[in-house]
Amino acid sequence: HGGNLCGTEICEVFGQYCRCMVNVEDTRVFSSLPTREEILTSLHIGGMNPDLKKYAAEQKFEDITVHIENDQFPYGKSTVFEVLDDFGITKYLMNMKSIVKIGPFQFRNTPTFFNTIPEVIDAQHETEAALDHYFFHRNMAPFIANRLIQRFGISNPSPAFIERVSIAFTNGYVDVNAPIGSRKYGDLASTIAAIILDKESRSVILDADPSYGSLREPLLKVIALMRNLRYVQNDGSFVTLQGLQAIIGQESYEMPSIFSFFFPDYAPPGDIAVSSLVSPESVLLPNAIGLINGLISTIKFGLSGCYGGFISAWCSHKEIESGGDYRASVGRLSYSATDMTIGQTIDDLATLLTSGRLSNENRKLFKEQIQPIKSNVMALQIAQQLVISSPEYHSTGNTCDHSTIRPDVPKSRKTCKRKKTLIHIMLKGGCDSFNLLVPYSQCHGKNLYKEYQLARGSIAISKVDLLQIDSSKSNQQCKRFGLHPKLTFLQQLYDDGDALFFSGIGVLTRPVNKDDYVSKTKTQLFAHNTLQAELGRLDPNGEYIGTGMLGRLSDVLTSAKYSVNTFAVDASTAALEGVMLDSEKVSVGSKKGFQTFNPSAPDGIVTPLATVINQNEGISNNLHSKTWSKAMHEAIQRNNKFFWAYKNSKLENGWNSFPKTDIGRQLRMAAKMSDSSDCRGADRDIYYIETGSYDHHANLIPSLDREFGELNEALNAFVSEIKAKGRWDDYTIVVTSEFGRTLTPNSGKGTDHGWSGSSFIIGGQVKGGNILGQYPTDFSSTSPLNIGRGRLIPTISFESMWNGVIQWFGVNDEEDLSAILPNRKSFTNLYTETDLYVDGQDSRNINCEGYGDVVSCIPTNPDLYSDDWWALNDDFDNDDNDEYIVGDQSNGLPVEYDDTESSHSDIIVPITVVITCSFFIISAVIYSGRTGKLSKLLTALGFRWSKAQDEEWISIKSRYPAIVGESLSFEVVENHRGKTRIIPNVQHVA
């Protein structure tokens, strides 16, 4: 633009800044009486309330009051207009505009509440003004309306519905036969009334619309069962539901983030995503089996810890087997169907649990299957289990078309190809990677660390604390970089040549600069939901709607005759969705693991019927209902397969070699599953893991210390385990985050949402010890990559990195690569397998026998509750105590049935045995306490006693019969901390 280095002659260079001549012009706006609309549109500077200041004169008009400070100039700059705005708020606005001019440039002088020397009260006033600005913004009413309508059961309200509720929110009342509300802006009574009384909420005609309604929230389904089937607490106390977040994904006061339990615009893969609709509650579908098992447990055993129950209480699955046995419960359902026929009972349950939506086909099916059951109690509880397993219970839309049947999950077959595993770890929240990888020294005459330190201020890592790495073979400004001090194992991997960094990486539609990044970027920037979704999709132009990048990778590999299993750990399967509907994918929670459906009676009547009622996908079925049924149908079959695959696998370094953290559990699950690839028939495993809480808007230093410390420990444990298995060359772990963060800190010693960041990959064949991409060479505000506040533009895309990883994983055809990464050709700096990996061979084992034979991880005679069952269920790092809770039932011990129709009617002998054994146990304990003989004997065998309360007992290692006489055996149980205790086993009576 000419002039000096500041770009204009009106500014002069002043050190590293530009000093410009600034003029502020204050002028009046109106010289005569304006309209109310003109005042609200043109005036932006507040005036003093006449209650606080005395004016010379006052003139009142129909909708305007004019407060005059000087009679000589009734419409001068100091005149204040008093009007009501569109929200009913009284505004006092000065008749003045203030313009800042710098040469030919000008802008409005924005108001501030801060004095030259600000005080606390100034900050409070400015905060209140900011909140008022948001609350009275024109977008507030439709925003609130849409969100509240979604919470009341309609995921995709029409624009007209949103408008009607917005009007009620703005006006503060709604007139439905009689006015409701205070007539004040933001009145929630009128807003809620407008929602629940609107025709779109109440019209039965809309039930025929496949997009109408929603999935119900898991917690609401738990409460609905307990309320409608009359749950009664044994002792009349308040109900306490424990650990629901891990079981169903939702718990009161336990929101996993500030965004609640689900994103309001989440679209699950399939029909809903393809239809451009949303289903927020679908993000919790990975917890479907845990939810159903908890509901079934409540029906059969009361509120207990039995078979996936909703409270943390010890339940002996060797004693509590039959439905109707409430000994381990603290309360139970009291619903009775006395004097009702089976058909009437089903109709009554349909009304109570599905608001009458249970389809006629399902009512008929349930009646036919329950009719032959002789026990009324058994028939009633099976009817309840079937209703809560139906899609009608889990959605608010109708299911009516049974014309199309979903195919069963295909059988696994043996493969002889080399096995490879790809793990994508997504650090949720936006990792601050400027404190992950830091410039250190030898920066070609530039002190880049000093620039980093100046830019980061209070959140900069001290140079003496950084872990140095050699980057001399990288094409970077500096020959030495530093890693975060907690990443000691990552430093070791880098030095060993097994870790590779990508700097300046981020979500891109195409290469951009400061001037065109807004127009050329299709993804909404700086938002968690949009960038997390795009990182999983990598399809900014929407060529493959409803699919994820890893899902498309699975499709291509499956078409090439690879056998692919994909797992989403503590995440939805959105990133794993492909075009092929029969791909092997499953979502699993790391705290509870793979759960079989209905473990209390896997061979009973409920399991096959639940499969049948969830296998229909007729074209006129409600989309939310279909989404639930699809997830449930696949989970019932696949979870059973993967449960046994996990159960029959082992860890070379032991269970306790992994830390008890979220990422520790997640990687332990991936490590343990690697042993089962043969029985799963898999030669390609893909894991998508979401972990951490990296959204550090405050206290970045201690928070990142904790997060990186946990990540470092988990990676160390995982790599050590895989190396012990001899398979490190077969693994690649990709670690990314949805965006980097700002270079500059905020006032809370944290950082805010940015764009460019750093990622890394590790693996046995990775060509490590290198930093690819372009690490920033300028940390100043004038950097060509800095778009403001230290938000830097990425210089390489995630496609650039994934291109080479995907080639290593077995895809080299250009057309296939473009199917997986449809936007890859927008970039010229794509890395190849040769860039990222050392030479390797993807070969077939020529000595392999039985190629193509059907294989299965499920044993011939499966025993769900063998000794090591606890290591798969109650041992997933929960905080349950091991107390055996016995309910004080007034009607004794009702043991009436189980789904396999086992006979448990004779309880006299078991009671006698328990009483007799208890006597011997107490006597033995007293005797040992006095003589020390029993404890000495146990000590000689290598055992030690420990307290039972609050321990998480893992696995029964062995049994030692005849320790006391010949009539009693003991179980030795070990907890997470390596401690043991001795449990008398009253069922092992000689």
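**Contacts, helices and salt bridges**

Modeller: Start with R19 and E12: their side chains are joined by a polar contact of 2.7 Å. A polar contact is a pair of N or O atoms within 3.5 Å; within protein, one must be able to donate a hydrogen and the other to accept it, and residues adjacent in sequence count only if both atoms are side-chain atoms. One caution: this is a predicted model, where local features need pLDDT of at least 70, side-chain atom pairs count only at pLDDT 80 or more, and totals for chains, interfaces and linings use all residues. Residues are numbered from 1 along each chain as its sequence is written, and side-chain values use heavy atoms, with hydrogens and water left out.

Colleague: Where is R19 found?

Modeller: In strand β2, residues 17-20. Strands (E, at least two residues) and helices (H or I, at least four) are DSSP runs, numbered from the N terminus.

Colleague: What else does R19 touch?

Modeller: Leaving out residues up to four places away in sequence, R19 touches I10, C11, E12 and F14. Contact here means heavy atoms within 4.5 Å.

Colleague: Switching to salt bridges. How many are there?

Modeller: The count comes to 33 salt bridges. The rule is a side-chain nitrogen of Lys or Arg within 4 Å of a carboxyl oxygen of Asp or Glu.

Colleague: Give me one. How do D86 and R138 meet?

Modeller: Their side chains form a salt bridge at 2.7 Å, N to O. D86 sits in the loop between β6 (80-84) and β7 (90-94), and R138 in the loop between α2 (120-135) and α3 (140-151), so the pair ties together parts 52 residues apart in sequence. D86 is partly exposed at 39% relative accessibility. R138 is exposed at 61%.

Colleague: Which residues are linked with them in a network?

Modeller: R36, E37, D86 and R138 are linked in a network of salt bridges.

Colleague: And E814 with R824, how far apart are the closest N and O atoms?

Modeller: 3.0 Å, in a salt bridge. E814 is in helix α26 (residues 814-820) and R824 is in the loop between α26 and α27 (833-836), so parts 10 residues apart in sequence are tied together. E814 is partly exposed at 44% relative accessibility, whereas R824 is buried at 3%.

Colleague: What about K725 and E721, buried or exposed?

Modeller: K725 is buried, with a relative accessible area of 17%. E721 is buried too, at 0%. They form a salt bridge, with the closest N and O atoms 3.2 Å apart.

Colleague: Now helices. Which residues of α16 are buried?

Modeller: In α16 (residues 488-495), F489, L490, Q491, L493 and Y494 are buried. They pack against β17 (467-470), β18 (480-483), β19 (499-506), α24 (700-724), β24 (757-763) and β25 (770-773). Just after α16 comes G497, with a positive phi of about 80 degrees.

Colleague: What span should α24 have?

Modeller: At 1.5 Å a residue, its 25 residues should span 36 Å, and its end C-alpha atoms are 35 Å apart, which agrees. The expected span is 1.5 Å times one less than the number of residues. G726 follows α24, and its phi is positive, near 75 degrees.

Colleague: One more residue. What does E690 contact?

Modeller: Beyond its neighbours within four places in sequence, E690 is in contact with M426, K428, V569, D570, A571 and Q666. E690 lies in strand β22 (residues 684-691) and is buried, with a relative accessible area of 16%. A polar contact of 2.9 Å joins its side chain to that of Y688.

Colleague: Last topic, the whole chain. How many helices and strands?

Modeller: There are 29 helices and 30 strands. Of the 990 residues, 53% count as buried. Among contacts with a separation of 6 or more, 71% come from residues 24 or more positions apart.

Methods. Buried means under 20% relative accessible area, exposed over 50%, partly exposed in between (1.4 Å probe, protein chains only).
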